[in-house]
Structures are given as C-alpha cells and as structure tokens.
Amino acid sequence: MADHFFTFSIITLSLFVVASSGGLESELVADLLTLQAESKSGVIHLDDRTVSKFLTSPRTPRPYSFLIFFDAANFHDKPELRLRELRREFEIVASSFITNHNSSNTKLFFGDIEFRESQSSFQLFGVNSLPHVRLVGPTAKSLKDDSDVMDQGDFSRLAESMAEFVQYRTKLTVGPIHRPPALSKMQLGLITALLLLCLPLVAKRIFAGETLLHDPKIWLSGAFFVYFFSVSGAMHNIIRKMPMFLVDRNNPNKLVFFYQGSGMQLGAEGFAVGFLYTVVGLLLAFVTHVLVYVKDATAKRLAMLFTLLVSFWAVKKVILLDNWKTGYGIHGFWPSSWN
Amino acid sequence: MATMPASASDLLKSFKLKTKQQELLIRVSILCLVYILAFITRLFSVLRYESMIHEFDPYFNYRTTLYLTENGFYDFWNWFDYESWYPLGRIVGGTLYPGLMVTAVLIYRILRFLRFAVHIREVCVLTAPFFASNTTLVAYFFGKEIWDSGAGLVAAILIAICPGYISRSVAGSYDNEGVAIFALLFTFYVFVKAVNTGSLAWSLASAFGYFYMVSAWGGYVFIINLIPLYVLVLLITGRYSMRLYVAYNCMYILGMLLAMQIRFVGFQHVQSGEHMAVMGVFFLMQVFYFLDWVKHMLSDTKLFQAFLRITVTCAVAVGGIALGLGMVSGYISPWTGRFYSLLDPTYAKDHIPIIASVSEHQPTAWSSFMFDFHILLFLFPAGLYFCFKRLSDATIFIVMYGLTSMYFAGVMVRLILVATPAVCLISAIAVSATVKNLTVLLRSKNKVVQTGSTKGSGGSKSSSKALLDQSQPFQKNGAIALLFGAFYLLSRYATHCTWVTSEAYSSPSIVLAARGAHGNRVIFDDYREAYFWLRQNTPQDAKVMSWWDYGYQITAMGNRTVIVDNNTWNNTHIATVGRAMSSYEDEAIEIIRSLDVDYVLVVFGGVTGYSSDDINKFLWMVRIGGGVFPVIKEPDYLVNGEYRVDKGAAPKMLNCLMYKLCYYRFGEMLTEYGKPPGYDRARGVEIGNKDVKLEHLEEAFTTSNWIVRIYRVKPPNNRCNIHGQSGTCNPQNLGVCLDLLGLVDVNLGNAPTKPCCSLIEGLVDLEGAVCLCTAVRANVLGIHINLSISLSLLLRNCERKVATEYICGP
C-alpha cells in the first residue's frame, strides 16, 4: 500500500510535505483503508474522535479528500428530507468508486457522521440543515469554511449527480455507477424455473376454463381500478413525484390539500376527486343491479334517495372544485339579453 | 333518444309513414344534424381569426402538401429537403406519414374536378373538421354494433362535441391526428364487425382501414398492440371461435403487407419489438386452430390432454427462443423510447429529455380529464358496468379499448385524444340505456315492466329504480323528473363543450390573442410579421438558427433554411443548438459559425407577458444540450435549484447567449406602469442583467411586440482592418482575463486563452502586442514571466502574426 502511496505522491506536488511527515500520514491512510474494508458499503463511520484524528489534527495538505454525509437517525422517518434514499445513493457512489479503483485509491474516502453521537462535529462543520454532504479537500484548514458543500442541484439526479460533483471538485473519476440489481441472478433463475414449471398447469386450467380469469368480477374490479387510477391522475403523481399534501407557507400548522392551477395537482387531491368520480359510477351500479331486487318498498325508496343525494353532491363538488382549480368560468353562448 | 316527442310523431303520421320508416327518418335526420354540428362547431377559429393553419407541425404538413400538389406524388415520395436540418437535410418521403397530405390533395383534386375553384390551403384548413364529421358516422355504427342504434346515436352526438377530440381537430389544425382518429375508430369498428360476423369482406376492410391508419399516424402502434391483446383475452376467457380466426388472420397478414408499403414503417413492421405481440398472437392462433383440429380427430380425451400439454409447452418454448435469438442477433430491434415511456411512465423523464420537454407529453392531472370529458367521466364507470353485465365479443373490445387508452391518457395529455372515442362510446351506452328505460316507462300505459337484464338503466345521477314498481302512483312523475335531470346534465355538457372549444381550443397559437385592460381583444401577430420579414429581407440561402419548436414555421412561412425543426430525429443536432444557446457568446459563436448560421431567432415574451417563450423553455435547452455535451450542466443555471432571471440569477444564466439575445436592449424598456425599466412581464421580475452587450451578433429585426427577435451573425472581423473600428485596448480587462487563465497555460501553448483573444480582437496585430505589453507593465498580472516567450505564444494562440522575438518596449 505504501508503494502505491509513494508513487502517487511523487507525481503530485506535495512531495516535500509528504517526505517530512510521510510516516505518520501513511499510517493514517492505512487506518482509513482498514476502516473502509470493514464497512459493508465502503462508507467510513466517523465520530468526534475519528474526525479529529483524520481531519483536524493532520497537517494540511492531507493526502486525501473526504466526502462526508451528515446523517441523523431520528430524522429518518421524515419523508421530505429523503435522508434514507440519499444515504443509500451515497453508499452506491462510495461502493462504485471503490470497486472501480480496486479498493486501492487513497485519494478519496467516504464517510458519514451521525447527529446524535457526534454533535460537536456537526458544530465544527457548521451544519444546521439536512440533507447535507460536504467535501473536505486536502488543503482545507477550517472544516467549516474551506470545504465544499454539495448543493440541491447535485442531489437531484441521485448517485449520478453526486458522482459528477466528486469528479468536478476532486478531478477523480468515479466511473460507472454499479447499482445492485433488483433481483439477484439466483432469484431470477429460480423465478424462471418456477414459471416454466407452472406453465403447463396454467395452460391446462385455461383450457378447462376454471381460472380466476374466467370470473368477470375480477375483471370488473380490475377495470374500475384502472379507471380510478387514470382519472385520479395517479400517473401524474408518480411521474412528478408529487407529495400527498403541502404545508402552508404562511401557516405551518395548516396543510394544503388542493393546489390551485391547472396542470398540477397534489396526491391527496387527485385521489379525492378520483374517488368522487368512481363513487357516482359505483352507486349507479348498485342501484341498477342490486337495489332492484330489494323487496321492501320503503328501504328501496330510502336507498334511492340517499343515492341521488350523494351523486348530486359528488357531481356538484367536482364541478365546483374544477372551476376553482382551473379558474375557468363557463358560460353558454346564448344571447346576452338572456343573462 | 331513439324515441320521439309526441308532436313530431303526429306530424309524421300525416305523411302516412309506418312506424319503422318514421324511426328511420328521424334517425337519419338526427345523424345529418350531428354531422353538420360536428363540422360547424370546429369553425370558431376561422370565424374569429381567419382561415389559416395553426400551431407548429401543421405548417410542415401544409408545406409538404403544397409540394405534393405542385410536383406530383413521385417527386413527393423522393423529396430530399435541404431546407431543414442544415447541413444534414431530411429525406422527407421516407420520414413522414403521407396519409394526411394525400387525403387533402385527393379532396382538392376532386373539388377541382367538380369545378370548385378552391385553394389548397382552404382544403387543408377544413380537412380536420370534415374528418371529425365522418368520425361521428363511424361512432354511430360502432355504437350500433356494440349495443343498439340508440347508443350509436348518443355516441355520435357525444363525440361530435367532445373537447378531447375537438382539441386536435378544429379548423386549421391540419395535423395527422385529424384524420387518424377517424382511421383508428374505423379500423376498430370494422374489426369488431368482422369478429362478430366472421366475414372475409369485413376483415379485408379492416386491413385497409389499418393501412390508412398506418399511412396517417404513428399511433397505429396502439392498434397493432390492442388487437392482439384483445384476441389474447378472448382466447384466455375461452371465447375462441372460427369468426375470430378469420378476422384476425386476414387482418394481420393483409394489414402487415399493406403497412410495409409505407416507407417510414417498412420492415419495422416485422422487425421491431413493438410489433412482436401481434406476430406472437398470430402464431398462437395457429396453435389453437391446430389443437382444435386434433381434438376433433382424436376422440380420446386423455390422449388429447397429454398432447395438449406437450404442444403448448413446445410452442411457447419455440416462441421464446425465436424472440431471444431475434433480439440477440439484432433482427428484432428493441422498443423505442417513446414506447417505453408509455409502459414505464417515468422512463422519459429520466432518459429522454426531448420527449419529456414537449408540453403535450406531460402527465395528466385530474383537472385536464375534467376539462376534456366533463360528465362523460361520471358516465364512464356506469357504462363499464353495463358492458360487463352484457358481455359479448364487442363489449369486451370496447372495454379493453377504453381501459388501455384511459391508462395511456393518464401518462400523456395528448393521448386523451385516443381515449375520447372509447369514453364517448361507453358513456353513450350508459346514457342511452337510462334514457331508453325512462321513456319506455313513460310510454307504457300500464304494462308490467320487466326487470332484470334489460333493466340497464343509469346515467347521470339518476336511476330509474324506484320507478320499477308499477304500483307506485308517482312513478311517472318520477320518471319525468329524472329525464329532465338527465337532459339538464347533457345540456351542461353541451354548454361546456361549446365554451371550451371557443375559448381554449380555437386559438391558432401563431396569432396570439389577449384581453386588453378594458376587456377588448388584443391580437399579437408577431410571428407572421417576423417570418415575412425573413422571407423578404434575407438572402435566399440564409440559414436561421432557432430552438426546434419554430423550425417548421420558419421553413413554411419564411421559406428559409433552418438548423433543427420539430421533426426531432437527430438529438445531437438539437443538442448542438441547445449548447450554443446556453454557452457564453464567445463559445457560442464558434458553434454558430461551424453550423454556417446567418440569423438567430428567439421568441421572447417579456414585453407581452407571453409565457411559452424561449426563456421559459430554456432549461430544456440546457438539459437536452447537457445530455450530449457534458460541459453544459443544469445546476450552473440554477440558484439553489431555482430558476431565476433577476438579480439573484446564476452568473452563467445572466451571460449565456439565450439570455443576452432575449434581453438585449430590454433594460431600457418600460413595460409596465409603476415598475422599473426592464421589468419582465412573463416572469414578473426585474431582469438581472440590464446592460447586455453583443459582440458577434447584431440585432436585425424585432417585431412590434418584441415577441420574435432576429439577430444577424456578424461576419468575422477583417484582420487587415487598419481603422480597427471595434478595437480598443483595455489593459485592465485583459490583465484580469490572463490572470484567471493563469499564464501557465500560455506557456504550455494550450488553447483556453481563446476567450482572452476577444479582448484584443479588432486590434491590428502590432496594437495587440502593445496592448498586452501595457497590461503586463501595469503589473495587473502580478506575476513575473518570461515576457517575450509568453507574449509570442499568446499572440500566436490568438492567431496574430507578430515577429516571435517581439519584446515589450521600456
């Protein structure tokens, strides 16, 4: 390892500095490599002690850069921070970097710091909001002022943009990102084998006409689901990754469920309206194909009245909401004297 | 719906017609009225503006149609268009769907033959409404086929005014979809008819309908995947029949052979992954038929079961292997991005910015559904339920068509168009069944109304349930009330449709309309002004660079060559333009010169408040450019993930070419009372860089409302220019520039000194050297360098000729 390190350092301009304190620094690097090997994804877990050991105490320029992810376990359940997801992506970048360099690159290490256990490090870096990723370059003296912060734009495309950030700032190539496949090869093989085994069985049942597929009720509920899914704009929410609701900017205690302005919608809003659409259709089905067979005339009338009221309310609600949302006021084109 | 009001029937009786004849007469006259209605409701734009072509794509279609009328079909088929995609050109005949143009020219020829002196433009403008009328007829027959003639009539009425369809078929929207929806519905109708009758003639007709569809629109892929899916569902649910076999095979084989005659499709039809489903189902059909035959021959059931298992396994295995081999060997091309983005909706957003950038490819929010379908949305589930209660081959088809197209409509706004006919048909079933039952109740004197399956009533929020009970005294009144309710809702639908057509879908987008301060209509005709300026004031062979949206219009109306246009076939070329627009002027000019561009055209809405201008589209240029050239990075143009043009904007944003071209001289302009000069009305901010200086481009023309701005690319500076007009020595700037670059680069002879060169550009060679010396002597650099070597290197980098041993004077 020391060989590598020396060949590298000869090329770099930090030759003199290294020569003077080379022994100590190579020890640090060796420690880091061990830590890196111990961690599953190659992200080194840092705490107050190790931060001072690897970052504050060694003299600059240090022979390595550090990319640090600031984590807080107690915020993991806040979906808007996306900490878990970003953390996972960060690990992917780290492991890709390490694999692409055969675990022998000593110029860049990946680390993470947890808020609860290393609060003083958080202060040292001046971190007061999450998610936060910081690159500490070899020459950074003050951890707070000399290190580079990865901004929102670099999170946007997850691992790929983080890798670009690293490439841009450290001039080190990360190389292709290796994402773990959704299914391992073993699982894939098993599934294929199972499918092949089932095939004749399924075919036989199809010919015999006794599968679930022959039950129109299944198809019917499937059809209603597709309908609900489409008209509620669920596809829009998936593609745009819309949240279910927003918090009102002026009043944090208030939640905004409906977004004014066409072409955009919030999650809950779409489902609510999709539900209203579907309810009218389902009530109709109930009335025309179930209620008919009820013997009791009063029950029938009451149910009928209920259906009518609910349907009327739903239709009215949707029309009102639509007018409010899109801001269109619809009017007929009859002679103006009629108005 | 099919029943008539009492007074009308009295009148008809006096003509001594039999009931059947009366019904026929009424049906035909309703159809005629619907036919006319469908046509005239699409004429708002012609009445309000003038008879002209709308939007972007239609201009290309119009231009090709013009070419077709002038040069005939064979020239059209072999047309190489050198006016677009300069310097690549475009093989037009092989890269378009000719159905629309051929149709328009055919109509034109027929009218000419009948001695109607029309211009081809009028034909083009009215093609879409004409085909919309024809679609209503097809909808009637389709509705009749799947339910009854009443449902057919209602379907015709609904589709005649449904905004989802009108959006793409108003007069002037001369686009492929205009005829394609007709072709689509026609193909489906004839195919369903063929499946119902098992007749060869209908299957043949569906093959030809399919051929017309393929010739008209890329959306034919929907047909060629829906039909096998439908057949597959029929097979799985045990509805295999000889009728299906005849209809499908005939349609597939003939349809495929015909489709391959269209050059744009060609062998893709048997090779690309998108068309594999239809082939797979074709072979599956043969296996089914074979099994049927064997079953017929073998009387032993056990033997048959064993045989069945072996055959099915073998067939599937062989199919899988063939598909795998085809994919690996490259005979079967993988799915295209557009197809992928339908199945996996998030695909386009992540991988193909050029698809994701188009506004009509955005995912659909619920309000868009409401806008385009209105009450049909409520009726649709009811209609679905009715279809399920009366399952037949035809209703299964319409249900599948409805659901698949609904799903696709959720993915992309523009596909609401494809879903419209299905939604109209299914809703028509609900309306027709309800109204029919209600009227039957009203007319029946005291007969007992049968309950059960025919009782399919529903629609609107009514349902005739309570009415069933004959013993209820207020049954008839209830029916009347509900009937009124239903008609009220339908009339709301009609009002909504008319209003939407008039206000939202009839603006030609080439001429913009806005409401003035006093509610009066203000017309901005800037686009045409700019294009005609181009046509009349620029050289014949001038090349115009603009974002691709305007390419078709510039070639069609300005008659000038463009670099990229709306046929986005070459992503790299578009990315090059995107890169030029998002670079600094110095870098951009090199791209511009390498593309041989003479004029640059931008669209700017800051003065009028027109929001779909180039500044708002700019991020897409960055994204598309950055997708090919990684030097362009989206975060450079954003501040904390926010896109802004005011003082807080990113420095790269404030100095990129697009920003400069849009806001050139805008800083002096007062747009709104009470706001500072340079207030951008489209974005509602005061711009950040008011002092825009252009070096290599000059303003050539700006339209009256500043919507279109055209810049001329200046010719390269004449290096022997003694007067050195633009050259002034600014040692301070030069010093800073050199300092930034670091003179190390100069010493090594690297190129990045180029941006500095612009600072001494315009100076004569010797003056350049003197200027550099001044900069060095002023010690702005703060470094001691080997002056003579560095200077000569720097000058050589800037392509200046000075004696190598030039030394700064004392």
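This is a predicted model: local features need pLDDT of at least 70, side-chain atom pairs count only at pLDDT 80 or more; totals for chains, interfaces and linings use all residues.

Visitor: Which residue forms a salt bridge with Arg709(B)?

Guide: Glu699(B), with the closest N and O atoms 3.1 Å apart. Arg709(B) sits in strand β11 and Glu699(B) in strand β10 of chain B, so the pair ties together parts 10 residues apart in sequence. Strands (E, at least two residues) and helices (H or I, at least four) are DSSP runs, numbered from the N terminus.

Visitor: Is Arg709(B) buried or exposed?

Guide: Arg709(B) is buried, at 0% relative accessibility, whereas Glu699(B) is partly exposed at 22%. Buried means under 20% relative accessible area, exposed over 50%, and partly exposed in between (1.4 Å probe, protein chains only).

Visitor: And how many residues of β11(B) are buried?

Guide: 5 of the 6 residues in β11(B), which spans 708–713.

Visitor: What does β11(B) pair with?

Guide: On one hand β7(B), residues 599–603, antiparallel over 5 bridges, with Val600(B) partnering Tyr711(B). On the other, β10(B), residues 697–702, is antiparallel to β11(B) and joined by 5 bridges. There, Glu698(B) stands opposite Arg712(B) and Thr702(B) opposite Arg709(B). Two strands count as paired if DSSP finds at least two bridges between them.

Visitor: What's the strand order in that sheet?

Guide: β6-β5-β7-β11-β10 in chain B, an open sheet of 5 strands with mixed pairing. The edges are β6 (561–562) and β10, each pairing on one side only.

Visitor: Which residue has a positive phi in the hairpin of β10(B) and β11(B)?

Guide: Trp706(B), near 65 degrees, in a hairpin with 5 residues between the strands. The hairpin of β3(B) and β4(B) also has 5 residues between its strands, and there Gly519(B) takes a positive phi near 80 degrees.

Visitor: Switching topic: how much area do chain B and chain A bury between them?

Guide: About 6000 Å², 76% of it on carbon and sulfur atoms. That buried area is the accessible area (1.4 Å probe) two parts lose on being put together, summed over both.

Visitor: How many salt bridges cross that interface of chain B and chain A?

Guide: The rule finds 0. It does find 6 residue pairs in polar contact, both at pLDDT 80 or more. A polar contact is a pair of N or O atoms within 3.5 Å; within protein, one must be able to donate a hydrogen and the other to accept it, and residues adjacent in sequence count only if both atoms are side-chain atoms.

Visitor: Which helix gives the most to chain B's side?

Guide: α20(B), with 10 residues.

Methods:
Residues are numbered from 1 along each chain as its sequence is written. Chains are lettered from A and ligands numbered from 1 in the order in which they are written. Side-chain values use heavy atoms; hydrogens and water are left out. A salt bridge is a side-chain nitrogen of Lys or Arg within 4 Å of a carboxyl oxygen of Asp or Glu.
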